[in-house]
Amino acid sequence: MRPSRVVLLIAFAGLIGLFFWFDLQRFFTPEFFSAQREAIAAFQAQNPWLTALAFFAIYILVTGASLPGAAILTLVAGALFGLVQGVIIVSFASTLGATLAFTIARYLFRDAVRSKFGQHLGAIDRGVEKDGAFYLFAMRLVPAVPFFVINLAMALTPLSTWRFYWVSQLGMIFGTVVYVNAGAELGQVASVGDILSPTLWISFALLGLAPLIAKKILDAIKARKALRGFKKPKHFDNNLVVIGAGSGGLVAALIAATVKAKVTLIERHRMGGDCLNTGCVPSKSLIRSAKMLSYAARAQEFGFKSAKVEFDFAEVMARVQRIIKKIEPHDSVERYTGLGVNCIMGDATITSPYSVRVDGREITTRNIVIATGGAPFVPPIPGLAEAGYYTSDTIWEIRELPRRFVVLGGGPIGCELAQAFGRFGAEVTVVQQAPHLLVREDEDVVDLMQRQFVAEGIRVLTGHRAERVESGEAGRALICAQDGSEVRVPFDTILVAAGRQPNTEGLGLEDVGVTLDERGEVEVDEYLRTSVPTIYACGDAIGPYQFTHTASHEAWYASVNPLFSPLRKFKADYSLIPWTTFTDPEIGRVGLNEQEAERQGIDVEVTRYELEELDRALADEEGRGFVKVLTPPGKDRILGATIVGHHAGDLLAEFIAAMKWGKGLKSLMATIHVYPTLTEANKFAASAWRKKHAPEGLLEWVGKFHALRRGRATGKSEGSFP
């Protein structure tokens, strides 16, 4: 830092230090101005211009030095000068003071900050260059945002001083008027009766409502800005156009039709989306067939000497397609047309906030819902494309069981399909870059699943980063890096299960101003509204919860909010997002687990019940796994539950309902569960918590009470039964 900057910084810090050392902030309190009110008023009556100039200078000094007291000074301005003169003085003084603070901070800190963090500020700089004035205006409009923080933060950006000045002048006028008006009304209070005056109460109400009013103004400005340049039709063909007929789009369209809105559903490929055609339905069908083979392999556990199942893998895959065909009518064009939805098959392009083009045809609509789902992410691994690969979208085309099957990725999709193919007889290797499988699950869950995989002959390579694929006369192999060395993994077939990415390309989103993040996901607010107020989105297109049931949940908000806004709108509720990984045993979870609680600094008590102690699990030879519940220490409120075991996804429903309706473990324990069923595991987990919190002192007294009723003295050995 230059010597001149160091000197200025020391002087500036010294002045601020002196301000607090001599307790000068006492002069900027309501008590001080109340005590000096008559003296100040007398001086003002004799020297009106001098009072105004002195107040103007003090206000600039306080705001320019980022000292506390600006809010009190604004109220005092109203009391001293009235609404009109007070607004003029404060408006210009606050803007000049803010610009002074902005200039000082820029001179002292910007070069140092940018030299150290410049590589991380590119996106911020681009945003400020494009919309910096709007961002500043938005922050100035809401009085709840500390203005001195805005002054210092904006000084580090490329925003010009002149733009900072005029935007601040304009943006602060609303808050200034509200605060000065409140001060003017307070200045007229001379008796208790004046406190009850309607104008004073209105001023206080405006003061409290200022952030809400400012937000409404800001929303209106943002909407006007986003829609500028697009002509709004006088009449619309639809109330809602939904793009994408997966789980989210189908629910959104059905809701619109149910409430008698005119809705058009557009799908470019197949009705039902990924869930029906390439995701949930085919994978669970394949897993079910693989489960039958696992029972045969475990024949001796069930009292049989042996069991043998002959199968043709092509017929198994044909069964998967038959299941899809059985469910297809539920999501068909015919069904949704009968429900009142106008279904169109074709490629959709959003041409304006009010229109969508489908194969050359323009459709107008009041609102649009983006429900285009996601697709498998394929990392750019050299040689992979040339060698050929499958994803969770294309693996259902396979008809011949691979001998050596490599799964790239150890998340839920990779683990489910790895286990299924392994049970059919493939030599399966799971390659995972992370230190362990299923990175979102707790260590005890992962350990159990990894032991299960090893027991079933699945090779698990964690901490292995895929580097390249080699193809030659010796066959194909995935080359991985692990602890500085290369590991060669031969394969006949490779499945890429490295996550998913949103389907947002080619929709024309950028052309109409819809903001996407770096992953290509549509950015939405708490109402699932995009940066263009007539366009909403749900499901995998927005992330981060890439589940069918989450997409359906979001679809309710993405359809109801545009259909009934501004009369009513609802914030999307993500407080309870359950999910299940359909391995064997299954992994079901809702709420917090241990690693998330630790990461968030939440103190929890863990209660665990082992399924090997459950009668029904033992009868079914399904004693692998456990129920684990997280609660606040000493309380029965459920913060999260993880179940590993047979039908864990089904067992999880009781915990979901309990958390949704605020019921604790005591309620679960007091609920009658059918015997013998797997659901008793939930009750026994609750009982295990209750046992840990048994009132030992009270029970000791109860024991004495019962001993007295038997006519025995307490504190002596009971002896044995005669």
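The crossing of helices α14 and α15 is right-handed, a term used when the near helix is turned clockwise from the far one by less than a right angle, anticlockwise being left-handed. Helices here are DSSP runs of H or I with at least four residues, strands are runs of E with at least two, and both are numbered from the N terminus.

Please note that this is a predicted model, in which local features need pLDDT of at least 70 and side-chain atom pairs count only at pLDDT 80 or more, while totals for chains, interfaces and linings use all residues. Residues are numbered from 1 along each chain as its sequence is written, and side-chain values use heavy atoms, with hydrogens and water left out.

Let me return to the helix pair. Helix α14 covers residues 280-297 and helix α15 residues 313-327; their axes are 9 Å apart and the packing angle is about 135°. Axes are lines fitted to C-alpha atoms over the stretch in contact, and angles run from 0 to 180 degrees between N-to-C directions. The angle makes α14 oblique to α15; under 35 degrees would be roughly parallel, over 145 roughly antiparallel, 65 to 115 roughly perpendicular, and the rest is oblique. On the α14 side, the contact is made by V281, P282, S285, L286, R288 and S289, and on the α15 side by V316, M317, R319, V320, I323, I324 and I327. Contact means heavy atoms within 4.5 Å. These residues divide into nine nonpolar, two polar and two charged.

I turn now to helix α24. Its 13 residues, 648-660, reach 18 Å from first C-alpha to last, close to the 18 Å expected at 1.5 Å a residue; the expected span is 1.5 Å times one less than the number of residues. Its buried residues are A648, L651, L652, F655, A658 and M659. Buried means under 20% relative accessible area, exposed over 50%, and partly exposed in between, with a 1.4 Å probe and protein chains only. The cover over these residues includes strands β18, β19, β21 and β22 and helices α25 and α26. After α24 comes G662, with a positive phi near 70°.

Finally, two loop residues. Beyond its neighbours within four places in sequence, D540 contacts G373, G374, R500, P502, Y545, Q546 and F547. G506, in the loop between β16 and α20, counts as exposed because its relative accessibility is 65%. G506 and A348 are 158 residues apart in sequence, with their C-alpha atoms 8.6 Å apart.

Key
Nonpolar A, V, L, I, M, F, W, Y, C, P; charged D, E, K, R; others polar.
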